[in-house]
Amino acid sequence: MKPHLATAMLALLAGTPSAFSQQASSDVPPVSENKIDTQTFTRTLVSANHFEIESSKLAETKGVAADVKDFAALMVKDHTKAGQDFKAALEKSQTTASVTPEGPPLLPNDQATLDQLKALDGDAFQAKYITLQTQAHKQAVAMFSTYAQSGDDPALKEFAKKTLKTLKMHEMHVRDLAAVH
């Protein structure tokens, strides 16, 4: 995959900045269709989730259409909850990955993408935001589906399964937005 799955999570959570980028990041290895390791999943997820929240907070202030603003508010709400759920899953987790729900900061590609969004307003912002959300949720669904089936940490697998439903709903919602705008 060219775009990194990080923005996936974007997705959720992650929509991670690297997931939103058009090039693979050297910071996070690519996810195969069959397996994703726990460290990659957690690092990508944290950055993607943070990116989703921050980019959606921007959308609420950038002169976008009412339905896009409503979607952004939903992203902030759902991704904040996903971050809390992830924290709870990490507490039950068997992983030794050095990831906390609060950090590390955004992966470099995610930060660069967020910086690009900050420079845009109105229709230009809206178009880029919808495109990024579309890519991020497609990648997040793929990453969460893969980890839910083949992840090696039971608590994180359960988190991925539960969160996947919300990500799929977000993916359908943003597709509808893209069709209208």
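Which backbone oxygen does the side chain of Lys62 reach? In this predicted model, the side chain of Lys62 reaches the backbone oxygen of Leu120 at 2.8 Å, a polar contact in the sense of a pair of N or O atoms within 3.5 Å, where within protein one atom must be able to donate a hydrogen and the other to accept it, and residues adjacent in sequence count only if both atoms are side-chain atoms. The surroundings of this residue are described below, after an account of the chain as a whole.

The model is predicted, so local features need pLDDT of at least 70 and side-chain atom pairs count only at pLDDT 80 or more, whereas totals for chains, interfaces and linings use all residues. Residues are numbered from 1 along each chain as its sequence is written, and side-chain values use heavy atoms, with hydrogens and water left out.

The protein chain contains seven helices and zero strands; helices (H or I, at least four residues) and strands (E, at least two) are DSSP runs, numbered from the N terminus. The order of the elements from the N terminus on is accordingly written α-α-α-α-α-α-α. Of the 181 residues, 53% count as buried, where buried means under 20% relative accessible area, exposed means over 50%, and partly exposed lies in between (1.4 Å probe, protein chains only). The chain exposes about 8,300 Å², of which carbon and sulfur atoms supply 53%; accessible areas come from the Shrake-Rupley method with a 1.4 Å probe, and for residues only the protein chains shown count as cover. Among contacts (heavy atoms within 4.5 Å) between residues at least 6 apart in sequence, 76% join residues at least 24 apart.

Confidence was examined through pLDDT, the predictor's confidence in each residue, from 0 to 100. The average over the protein chain is 82, and 77% of the residues score at least 70.

Lys62 is found in the loop between α3 and α4. Although its side chain can carry a charge-pairing partner, as noted below, Lys62 is buried, with a relative accessible area of 10%. Not counting residues up to four places away in sequence, Lys62 touches Leu117, Lys118, Leu120, Asp121, Gly122 and Phe125. The side chains of Lys62 and Asp121 meet in a salt bridge at 3.3 Å, N to O; a salt bridge is a side-chain nitrogen of Lys or Arg within 4 Å of a carboxyl oxygen of Asp or Glu. This pair links distant parts of the chain, since Asp121 lies in the loop between α5 (108–118) and α6 (122–150), 59 residues from Lys62.

Leu58, in helix α3 (residues 38–59), is likewise buried, with a relative accessible area of 15%. Its contacts, not counting residues up to four places away in sequence, are with Leu114, Leu117, Lys118 and Phe125. Leu58 and Lys118 are 60 residues apart in sequence, yet 7.2 Å apart in space, C-alpha to C-alpha.

Side chains of opposite charge can pair when their charged atoms come close. The count of salt bridges comes to five. One of these joins Lys81 and Asp85 at 2.8 Å, N to O. Both residues lie in helix α4, four residues apart, about one turn of the helix. Lys81 is partly exposed at 46% relative accessible area, and Asp85 is partly exposed at 30%. Another salt bridge joins Glu171 and Arg175 at 3.4 Å, N to O. These two residues are separated by about one helical turn because they stand four residues apart in helix α7 (residues 154–180). Glu171 counts as buried at 13% relative accessibility, whereas Arg175 is partly exposed at 48%.

Helix α4 has 27 residues and reaches 39 Å from its first C-alpha to its last, close to the 39 Å expected at 1.5 Å a residue; the expected span is 1.5 Å times one less than the number of residues. Its buried residues include Val68, Phe71, Met75, His79 and Leu90. The side chain of His79 makes a polar contact with the side chain of Asn49 at 2.8 Å. Asn49 has its place in helix α3 and is buried, with a relative accessible area of 7%.
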